[in-house]
Amino acid sequence: MRAAVLHGFGKLTVDEVPDPVPGPDEVVVDVTCVQPSVTECGLILGEPIALHGHLARSLRAGPVRFGGHEFCGVVSHGAAGVPVGATVTAVETIHCGRCAACRRSRPDACARPDFIGFTRPGAFAERVAVPAASVVPVPAGVSASAAAAIQPLAGAVHAHAEADVRPGESVLVIGAGVMGLLAVQVARHGNAGAVIVAGRSPAKLDLARRFGADLVLGADDDVRRAVREATDGIGADVVVETAGGPPEAGLAGSATLDLAARCVRRGGRIVMVSVLPQRFEAPVGLLREKSVALLHPRSGAGGYSPGATVFEYALRLVARGDVDVESLVTHRLQGIDALPTAVEMTANKAAHGAINPVQVSL
Ligand SMILES: [Zn+2]
């Protein structure tokens, strides 16, 4: 079969490789749609994030099969409970089941988790083998495109749950990229009261309006003032921050965390969805003064507890039409040979006007 192979940082090609051989209790999925995650793109380009050290060591030993944990496909080799012909996706994190944490029923603290597409071959390929236990069936009414984009939505569900939003609480979402627009929809269909979003791109803010945001603030608005007015001078109960990070990657630096700290109410919560560098300037004095909780949801949606149920819940949100994922998929390419282009475009989403990562249909 054909699959993406990383020959060195920035050198991703699509090569002929052996077909996957499923282990016991594993299934083989014929990939129908896959999208690179922003983290994968950064790792491919050699950025010092997440699993960079692991990847650098692997590359020293030779070319590496890399990428593809956000995908949809059809089972071609089944296992108990996962029949041939089923349309599925899979949770990317696989806990080991043997370490001390796993044995204490804390798989979210697993010492040796596997990651599809990172530590084992993923779906940047025509076929991928995954544990049957990681497979999540895709319900009727959810397209392959939406199923391939389900992990970020599961992440947005985690972030909303992490904030413990109580009925009627105001939620300010900072950033109107893919995570911001998912956060708006989850808050709207969760139990939030006023949903406020602050972004820059008029096209994305139009989507936020369509997704039910009560107040949409653009680049020219005084966000702090507008939030205070909308919350009777109290400030937002919850702020979901989605736009911070290195300016060289097109992100807002620490400005959005500063804004979050100024807009959140005393005793409120800020959920950091942005993936930040090791060292980052933060307004800790103001956060302390206002007794604000700074929360960090788990990265990705994990095979971690509560695991697949989050994927199933996210897929149901899409199947019912509560959350619109497909309107965020602005760019689609055809054929596995388009994978390196999809990675390049996803790494430069702003330049290409993309919202969701660029998808590849096989
Ligand atoms: Zn473990």
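Colleague: Which helix lies across β1 and β2, and at about what angle does the helix run to β2?

Modeller: Bear in mind that this is a predicted model. The helix lying across β1 and β2 is α12, residues 339-347. Its direction relative to β2 comes out at about 160 degrees.

Colleague: And what is the strand order in the open sheet of 3 strands?

Modeller: Start with β1, residues 2-6, which pairs with β2 in the antiparallel sense over 5 bridges; within that pairing, Ala3 sits opposite Asp15 of β2. The sheet is open and its pairing is antiparallel, with the order β2-β1-β4.

Colleague: Why is one side of β2 and of β4 left without a neighbour in that sheet?

Modeller: Look at where they stand: β2 covers 12-16 and β4 covers 64-65, and both are at the edges. One side of each lacks a neighbour in the sheet because each has a single partner strand.

Colleague: Zooming out, how does the radius of gyration compare with what the globule rule gives for 362 residues?

Modeller: The protein has 13 helices and 18 strands. Its C-alpha atoms fill a box of roughly 60 × 40 × 40 Å along the principal axes. The protein is as compact as a globular protein of that length, because the rule gives 21 Å and the radius of gyration is close to that, at 20 Å.

Colleague: Which residues of α9 are buried, and what covers them?

Modeller: Helix α9 spans residues 255-263, and its buried residues are Thr256, Leu257, Leu259, Ala260, Ala261 and Cys263. Their cover includes the helices α8 (223-230) and α10 (284-289). Strands contribute too, among them β11 (171-174), β14 (236-241), β15 (264-272) and β16 (293-295).

Colleague: How many residues of β14 are buried?

Modeller: β14 has parallel pairings to consider: 4 bridges join β11 to β14, and Leu172 has Val239 as its bridge partner in β14. Another 5 bridges join β14 to β15, also parallel, with Val240 opposite Val271 of β15. The strand is mostly covered, and the buried count is 6 of its 6 residues.

Definitions and conventions
Residues are numbered from 1 along each chain as its sequence is written. This is a predicted model: local features need pLDDT of at least 70, side-chain atom pairs count only at pLDDT 80 or more; totals for chains, interfaces and linings use all residues. Side-chain values use heavy atoms; hydrogens and water are left out. Two strands pair if DSSP finds at least two bridges between them. Helices (H or I, at least four residues) and strands (E, at least two) are DSSP runs, numbered from the N terminus. Contact means heavy atoms within 4.5 Å. Axes are lines fitted to C-alpha atoms, for helices over the stretch in contact, and angles run from 0 to 180 degrees between N-to-C directions. The radius of gyration is taken over C-alpha atoms; the globule rule is 2.2 Å times the number of residues to the power 0.38. Buried means under 20% relative accessible area, exposed over 50%, partly exposed in between (1.4 Å probe, protein chains only).
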